[in-house]
Amino acid sequence: MTHKLVNVGFGNSVVSRRVVAIISPNAAPIKRLRDEAREDRRLIDATQGRKTRSVIITDSNHVILSAIQSETIAQRFSPDIILSKEEIETEEEI
């Protein structure tokens, strides 16, 4: 069985089957989640010192910070599906 690796920026990759969610880091609950993961030593910082633009949650409850936009990482999981920003925002409103 082969596992697909997905690039999360700067040469860092995650196993696609282990990812549960890819979310934006701006909301207060996500900031709390990041702080809790840091305290519990479950935080993986893959930003290489750059601004965090997405947070990836794994099935092992690890939290991975990435400097790549959430939409970009999501497209790397399923490259056949190409959504514009307007389509994503329309889906969020529904």
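This note goes through the salt bridges of a predicted model.

1. Arginine 18 and aspartate 59 meet through their side chains in a salt bridge, with an N to O distance of 2.6 Å. Because arginine 18 belongs to the loop between β2 (12–15) and β3 (19–23), while aspartate 59 belongs to the loop between β5 (54–58) and β6 (63–66), the pair ties together parts that are 41 residues apart in sequence.

2. As to accessibility in this pair, arginine 18 is partly exposed at 41% relative accessibility, and aspartate 59 is likewise partly exposed, its relative accessible area being 45%.

3. A salt bridge also joins aspartate 35 to arginine 38, where the closest N and O atoms are 3.6 Å apart. Both residues lie in helix α1 (residues 28–39), and the 3 residues that separate aspartate 35 from arginine 38 amount to about one turn of the helix.

4. Aspartate 40 and arginine 42 form a salt bridge in which the closest N and O atoms are 3.3 Å apart. Arginine 42 has a relative accessibility of 15% and therefore counts as buried, the cut-off for that class being under 20% relative accessible area.

Conventions:
Residues are numbered from 1 along each chain as its sequence is written. This is a predicted model: local features need pLDDT of at least 70, side-chain atom pairs count only at pLDDT 80 or more; totals for chains, interfaces and linings use all residues. Side-chain values use heavy atoms; hydrogens and water are left out. A salt bridge is a side-chain nitrogen of Lys or Arg within 4 Å of a carboxyl oxygen of Asp or Glu. Helices (H or I, at least four residues) and strands (E, at least two) are DSSP runs, numbered from the N terminus. Buried means under 20% relative accessible area, exposed over 50%, partly exposed in between (1.4 Å probe, protein chains only).
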